[in-house]
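This report is for a reader who is new to the structure shown below. Please keep the sequence and the model at hand while reading.

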Amino acid sequence: MTALLAVEAMTKDYPARGSAGMLRAVDQVSLSLEPGETLGIVGESGCGKSTLARLILRLIEPTSGTVRFMGTDLTALSSRALRPHRRNMQIVFQDPYASLDPRMSVGSIIAEPLDIHGVGDRQARRRRVTELLDLVGLNPAVADRYPHEFSGGQRQRIGIARALALDPKLVVLDEPVSALDVSIQAQILNLLLELKGRLKLSYIFISHDLSVIEHVSDRVAVMYLGRIVETGPAVSLFDRPLHPYTRALIAAIPGTPERERTLLRGDPPSPERLPSGCHFHPRCPLGGEICLKTAPVLRLIEENRKAECHFAAPAAAADLRDHS
């Protein structure tokens, strides 16, 4: 099966504040997405998840690397040549309050992508808005109302309807439930899973919440300081994490028994002052001499499982679980 999306060695640098140096927000990231699959991307705040999402959609330009979508290298296209491909790639943002224009009616917000791409006449667009509102569980009669009249969960349903207006193949979900109450989160997650099956969508689902990622993902990529440090099928990754950072994130899920918790030392270092060798070694319970001097590479550890760790190996997986 040909991958729907293939990202190769994606890198994004920004000028560092107050110096002539550069800050690397995304560092040599490679990943793929199959048709109909949900890839969860997880990590602490500031690890580069949202920057990576915007690079994939070419909302920002990469420093280096390529994005191939449906066989086309998007990074080689001009803005004009890229435009037809944007119909097949859409995004749902984190904040349902900031992502909707308060001056536009709900119907106008949902219809805007249709207007931009010249899809249908006014009557056809109005019918499409009605279909989309019904699809996301809202009464089509609300089309003439404005965003301030809705709750956070309802606003996120409006954002989802807008993202689906052009029948995309790929939807990037950037922390889509993190700003919502827990009870509303469950409703939106169930809606997204239902829509995925009904519309045959592929998702990139970004979150810092491991419980959410486990619930929605087929595969998971774990990010730390701009790098992918582990990838694998969600079931095996949560059952037997290969990287100590993944293990610590999973152990911090609410409800995990205290005896199984692993506390990371300190906070992530500043991207402007990264440690030598393995960037994770100052916080790692397994760190050895090699970790201070030599950066590990993301390598195949076992079937469909990769990890960026000197100590990750199938035989060592139990040691990772039992280490304290």
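Predicted model: local features only at pLDDT ≥ 70, side-chain atom pairs only at ≥ 80, totals over all residues.

Residues are numbered from 1 along each chain as its sequence is written, and side-chain values use heavy atoms, with hydrogens and water left out.

**Pockets and cavities**

Both kinds of space are found on a 1 Å grid over the protein atoms alone: in a cavity a 1.4 Å probe fits but cannot get out, while a pocket is an open set of points with protein on both sides within 12 Å along at least five of seven lines. Lining residues have an atom within 4 Å of a point. Points are joined across faces, edges and corners, and a volume is the space filled by probe spheres set on them. In the table, Ala, Val, Leu, Ile, Met, Phe, Trp, Tyr, Cys and Pro count as nonpolar, Asp, Glu, Lys and Arg as charged, and the others, Gly among them, as polar.

| Space | Volume | Lining residues by class |
|---|---|---|
| Largest pocket | about 430 Å³ | 11 nonpolar, 5 polar, 3 charged |
| Second largest pocket | about 350 Å³ | 8 nonpolar, 6 polar, 6 charged |
| Largest cavity | about 60 Å³ | 7 nonpolar, 4 polar, no charged |

The largest pocket has a volume of about 430 Å³. Of its 19 lining residues, Met89, Gln90, Ile91, Pro113 and Arg162 are the closest to the centre. Two or more lining residues come from each of α2 (79-86), β6 (89-92), α3 (106-116) and α5 (152-164). Helices (H or I, at least four residues) and strands (E, at least two) are DSSP runs, numbered from the N terminus.

The second largest pocket has a volume of about 350 Å³. It is lined by 20 residues, and those closest to its centre are Ser30, Leu31, Thr231, Leu298 and Lys306. Strand β2 gives the most to this lining, with 6 residues.

There are 3 cavities of 30 Å³ or more. The lining of the largest cavity includes His243, Pro244, Cys278, Cys284, Cys291 and Cys309.

**Cysteines**

The structure holds 0 disulfides (pairs of cysteine sulfur atoms within 2.5 Å). For Cys278, the nearest cysteine sulfur is that of Cys291, 5.8 Å away.

**Sheet and helices**

Strands β2-β1-β4-β5, in that order, form an open sheet with antiparallel pairing. Its edge strands, β2 (22-33) and β5 (72-73), each pair on one side only. Pairing requires at least two DSSP bridges between strands, and 2 bridges join β4 (residues 64-69) to β5. Arg68 stands opposite Asp73 in β5.

In helix α9 (residues 244-251), 8 of the 8 residues are buried. Among them are Pro244, Tyr245 and Arg247.

Val216 lies in helix α7 (residues 210-216) and is buried, with a relative accessible area of 7%. Leaving out residues up to four places away in sequence, Val216 is in contact (heavy atoms within 4.5 Å) with Thr38, Leu189, Leu193 and Phe205. The C-alpha atom of Val216 is 9.0 Å from that of Asn190, 26 residues apart along the chain.

Methods: Buried < 20%, exposed > 50% of the residue type's maximum accessible area, 1.4 Å probe, protein only.
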